[in-house]
Amino acid sequence: MKRPDIDQYFLKIASVVAERSTCRRHHVGAVAVTGKHILATGYNGAIAGQPDCLELGCKREGLPSGVQTEKCRAVHAEMNVLIQCSLHGVNVGGSTIYCTHPPCIPCAKVLANARIARFICFLDYQDKSDGELRGSAILNDAGIYFAVMTQPATKIVILE
């Protein structure tokens, strides 16, 4: 049995976190990590205490991906992981964010201002403008390491 490396381990955890998503279009999960320790998790969903898309339906139904995103009632997973850290007084400066998807432009800006060191994801869903990968470009311009890795195995192996 091959033990997953640390990046694959935390990407797999991000995948499990994504299962809590209340979005009907994309399940996104994020994990903030420092020194191989989880600081917080976040997934995309409605504002806390508000009805979500599973209850009310998607406001963007029928719209192409990336169009009229302001209609979406969800808070992104990356923002939610930072919010959780903020609510609990946890500094994310220098941390790694493991996420199922690359960041959109607003999330990339907030992540850069939070001074994370690395952003690692496995899906190649990109926010594109004129062929440029904009969210990842913002991170790169801010000196934040960005990588798209191989999706971790979905099977969980437990020795009995």
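**Note on helix packing and the nonpolar core**

1. The crossing of helices H3 and H4 is left-handed, a term used when the near helix is turned anticlockwise from the far one by less than a right angle, right-handed being the clockwise case. Helices (H or I, at least four residues) and strands (E, at least two) are DSSP runs numbered from the N terminus. The model is a predicted one, in which local features need pLDDT of at least 70 and side-chain atom pairs count only at pLDDT 80 or more, while totals for chains, interfaces and linings use all residues. Residues are numbered from 1 along each chain as its sequence is written, and side-chain values use heavy atoms, with hydrogens and water left out.

2. The axes of H3 and H4 lie 9 Å apart, and the two helices pack at an angle of about 30°. Axes are lines fitted to C-alpha atoms, for helices over the stretch in contact, with angles from 0 to 180 degrees between N-to-C directions. H3 and H4 are therefore roughly parallel to each other (angles under 35 degrees; over 145 is roughly antiparallel, 65 to 115 roughly perpendicular and the rest oblique). Glu-78, Met-79 and Leu-82 of H3 meet Pro-106, Cys-107, Val-110 and Leu-111 of H4, contact being heavy atoms within 4.5 Å.

3. H4 also packs on H5: their axes come within 8 Å and cross at roughly 15°, which makes H4 roughly parallel to H5. This crossing is right-handed. From H4, the contact involves Ile-105, Ala-108, Lys-109, Leu-111 and Ala-112; from H5, Arg-134, Gly-135, Ile-138 and Leu-139.

4. The largest nonpolar core has 19 residues, and Leu-111, Phe-119 and Leu-139 are among those with the most contacts inside it. Such a core is a set of buried Ala, Val, Leu, Ile, Met, Phe, Trp, Tyr and Cys residues joined through side-chain atoms within 4.5 Å. Strands E1 (29-34), E5 (96-99) and E6 (118-121) and helices H3 (77-87) and H4 (105-113) each supply at least two residues of this core. H3 gives the most, with four residues.

5. Ile-144 lies in the loop between helix H5 (134-141) and strand E9 (145-148). At 4% relative accessibility, Ile-144 counts as buried (under 20% relative accessible area; exposed is over 50%, partly exposed in between, with a 1.4 Å probe and protein chains only). Leaving aside neighbours within four places in sequence, Ile-144 is in contact with residues including Leu-111, Phe-119 and Leu-139. Ala-112 is 32 residues from Ile-144 in sequence, yet their C-alpha atoms are 7.4 Å apart.
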